[in-house]
Amino acid sequence: MIDPVTATIMIIAGGVLVGVCVHFIPASATGAMAAATGIATGPSMLSAGAGLAGIYAAAYSIDSGLAPVIISGAVGSALMLLITILCGNIVLAFGIGAPPVSGQTASGKSTFGGTKDIITGFEQEGYRSPGTDGHGMPFQTVVSGTIGALMGGAGGALVFYAVYSMTLPAISTENAVALAGIVAAGVFLINSVLPAYVLVGKTEGMFDMKIRSMHRTFISCLVTSSIVACVIYAISWLAVSGVVA
Amino acid sequence: MKEIQIHTLFGAALLSGIAGILLIGHGISIGIVFLWLPFLSAANSIRGMAMYGLGTGNASIGYWGTAVGATSAFVVSLSVSCRSTPLLYVAAVVAISLVIGLATGILADKVIRMRIPRIELNSAVIAMSTAMITAGSLLILGNDYGLYPFIYIIITLAVLHPYNASTGAGENQKRTLLLALVEACMTTLVIGIVAMLASRSSIPVSGDVAIVAASACGLVIAVVAWYRLVKSDIYEIRWTGYPPAEH
């Protein structure tokens with residue numbers, strides 16, 4: 001178990017990680033029509049989904065200590081996202097015949113410039129369908145998404161473990177796990193929607209120029225998570241001290 | 001037609017929500033009908049934010065708003081007994097959700113620069129309304145931690161769906177709010193049924209039956225009224241067979 005002050009700092013750090021992770025996960029609602037690169041849903045909802053998968057995974061190793069909980073959360077989240085990307089790419093490639101192409105890279109507007117996939121070196125220009133902003137998830141966006149999911153899952157697991165540690169002295173173990181799970185999910189949803197305002201419904205991950213607006217997300221999530229963390233700390237302290245109204 | 005202002009609807013929802021929670025807290029389970037107004041208030045504020053073209057979907061804003069409200073209610077229930085001191089509980093829940101909702105709205109406006117009119121007011125209203133609904137639901141269902149995710153999801157869907165379903169050409173506040181009322185009745189109906197089945201429900205079965213009966217009556221009335229309004233609103237479209245020019 002960890003002390004309440006460290007747990008409060010962990011909630012803040014977890015909330016910020018959750019917010020920042022959304023910038024790395026490629027998602028776009030118009031991806032459903034193969035009209036933009038990224039998984040076919042809003043960035044915040046996808047990140048929330050990956051985060052919840054991470055929290056479920058983390059809950060299985062709650063008795064094993066902090067490190068296994070964080071690793072379980074991160075891996076569970078990344079696994080969920082990679083499976084989603086794989087299935088999305090299969091449907092797009094074999095269902096409608098659209099190859100995975102980064103729209104931003106194809107038009108030379110990616111973070112690192114050029115028109116090639118930064119990792120595989122595959123040319124993107126020329127494969128993009130006219131009138132679209134790319135389609136599917138090419139390798140560089142998969143890597144970006146995996147990094148984002150690992151961060152998000154670890155952030156969710158941090159919040160989960162911190163709330164669990166803070167509430168355990170006041171309630172039974174199974175209740176502490178249930179409460180920590182739903183509070184961690186709440187913190188995840190609060191922080192994952194804020195970056196969506198910056199991303200305006202679409203991002204290709206770290207290769208999208210919108211990654212440069214990350215400082216706004218960082219500040220917003222830091223302030224929001226700090227307020228939430230202070231509230232959780234104060235109420236847990238009241239409950240543990242026996243000051244129950 | 002003149003629209004109902006956010007603060008007018010929320011003022012009514014706040015009074016109604018507190019009255020409902022106090023009634024339920026004193027064993028009068030039928031007080032749950034007073035929680036219908038907070039549903040309307042939350043749905044109206046989601047409409048207020050989403051109609052300006054958010055960078056996120058209606059679903060996200062519903063999930064986010066309920067996350068603030070429900071998380072506040074869940075956390076406070078750890079320390080303040082919702083059963084023995086309902087007034088203190090609802091005051092703590094509303095205050096905490098107000099602070100978090102307002103802070104997030106101000107950050108979205110000033111730091112992220114969303115430039116949506118009244119984003120901070122709408123954020124706070126969604127958070128407080130959903131917090132009151134969660135507090136009322138917890139009073140009925142008892143502190144059964146296993147039911148927390150269920151409470152969260154059922155409230156989220158009821159507040160995010162009305163605008164999501166009504167959006168598009170010809171959307172108006174009256175129809176969206178009426179659909180919100182339909183979904184509010186549906187939600188309290190399900191809460192009543194779950195309370196009957198839940199072993200740790202904090203009110204007697206007769207109270208649960210009263211919730212189910214009141215919600216079912218409300219649901220029938222609201223569905224009929226909403227269906228009539230839908231028919232009246234689509235009159236021009238039905239008559240000509242083409243969308244009217246002004247839409």
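In strand S4 of chain A, A:Gly136 is the bridge partner of A:Thr37. This pairing, like everything that follows, belongs to a predicted model.

Strand S2 (residues 36-37) of chain A runs parallel to strand S4 (residues 133-136) of chain A, and two bridges link them. S4(A) also pairs with strand S3 (residues 101-102) of chain A, in the antiparallel sense. There, A:Val101 has A:His135 of S4(A) as its bridge partner.

| Strand paired with S4(A) | Sense and bridges |
|---|---|
| S2(A), residues 36-37 | parallel, two bridges |
| S3(A), residues 101-102 | antiparallel, two bridges |

Rolling a probe the size of a water molecule over the atoms shows where empty space is left. How many cavities of 30 Å³ or more are counted? The count is one cavity. The largest cavity holds about 50 Å³ of space.

Chain A contributes A:Ile190, A:Val228, A:Val231 and A:Ile232 to the lining of the largest cavity. From chain B, the lining residues are B:Val68, B:Thr71, B:Ser72, B:Val75, B:Ile96 and B:Ile100. Two or more lining residues come from each of helix H7 (214-241) of chain A, helix H3 (58-79) of chain B and helix H4 (86-110) of chain B. Which element gives the most to this lining? H3(B) does, with four residues.

By class, eight residues of the lining are nonpolar and two are polar, while none is charged.

Key: Residues are numbered from 1 along each chain as its sequence is written. Chains are lettered from A and ligands numbered from 1 in the order in which they are written. This is a predicted model: local features need pLDDT of at least 70, side-chain atom pairs count only at pLDDT 80 or more; totals for chains, interfaces and linings use all residues. Side-chain values use heavy atoms; hydrogens and water are left out. On a 1 Å grid over the protein atoms alone, a cavity is a set of points where a 1.4 Å probe fits but cannot get out, and a pocket is an open set with protein on both sides within 12 Å along at least five of seven lines; lining residues have an atom within 4 Å of a point. Grid points are joined across faces, edges and corners, and a volume is the space filled by probe spheres set on the points. Ala, Val, Leu, Ile, Met, Phe, Trp, Tyr, Cys and Pro count as nonpolar, Asp, Glu, Lys and Arg as charged, and the others, Gly among them, as polar. Two strands pair if DSSP finds at least two bridges between them.
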